[in-house]
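Take a look at the fold before reading on.

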Amino acid sequence: MTESLATIQVNGAAVRGVLHLPAGVGPFPAVLWLHGFGGSRVEARRLFVEGARRLAARGIASLRIDFRGCGESDGQFEHTSVGTMAADAQAGLAYLAAHEAIDANRLGILGFSLGATVASQLADLPDAAAMALWSPVVFPVPIFARLGLYAAHPELARQGWIDGGGQKVGREFMSELAALDPLEAMTRWRRPLYVLYGKEDMVATTENAEALLEEIEGAEGECCAHADHAFSTIKARTWLLDRTESWFADQLHGQAKV
């Protein structure tokens, strides 16, 4: 396996990531990893790193990106929105599709938390063959309101941003969030979908994942009885990565998108 830095230009700004290529001769299937709110391409407890390396051992490449304003990418978080994140994700898919070591017909998307909301905005694109969502944010308004973030907050009107866990969350992010309907967007997805979530998730509570499983035809999913939002324990993380690795191997090895 090799790991190398990747830089993708989006509207004049650098989106930075890491490309994992398996050992051997390609072209390889590949997965684009989309992190959560306030996260990065590493994610807590190096969850994305471990997951990408496990996929590489199964012959599946990965691209882990930092959205603009996050991690090592250009920009400030106060200028991001789900729309800018979706543009970064689409650029990541285009990067994979154009790479000589990647099979453009066998691309997957993995979205975690708000990254799942971002993934929903790509549902009507023909670029990916399979999608896995972890702890998906399907009903963003009540989730962010519980965190004290809402579009009518007086600080947004006064200064244009609100303190969201130590980072500036801008007016565009909050106003766009109020208009999003990730569940409706996902009804346009017609390819394999796998939803993994925790029963003890107090952020994106279980009705988020369960709505996807009820409304999206053919969706598969599993609930981990001992997992929180971030799959914080070793037991929960092992459960998550074992299933994700096996599912993507089944979906992407030797299979093209339909």
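Strand β1 (residues 2–10) and β2 pair in the antiparallel sense over nine bridges. Two strands count as paired if DSSP finds at least two bridges between them. Strands are DSSP runs of E with at least two residues, helices are runs of H or I with at least four, and both are numbered from the N terminus. Serine 4 has leucine 19 of β2 as its bridge partner. Two residues separate the strands of this hairpin, and asparagine 11 in the turn has a positive phi of about 50°.

This is a predicted model: local features need pLDDT of at least 70, side-chain atom pairs count only at pLDDT 80 or more, and totals for chains, interfaces and linings use all residues. Residues are numbered from 1 along each chain as its sequence is written, and side-chain values use heavy atoms, leaving out hydrogens and water.

## The other side of β2

β2 also pairs with strand β4 (residues 61–65), antiparallel, over four bridges. Here histidine 20 stands opposite serine 62 in β4.

Is β2 mostly covered or uncovered? Eight of the nine residues in β2 (13–21) are buried. Buried means under 20% relative accessible area, exposed over 50%, and partly exposed in between (1.4 Å probe, protein chains only).

## The whole sheet

The open sheet has eight strands, in the order β1-β2-β4-β3-β5-β6-β9-β10, with mixed pairing. Its edge strands are β1 and β10 (220–224), each pairing on one side only.

β6 (residues 130–134) and β9 (residues 193–198) pair in the parallel sense over four bridges. Methionine 131 has leucine 193 in β9 as its bridge partner.
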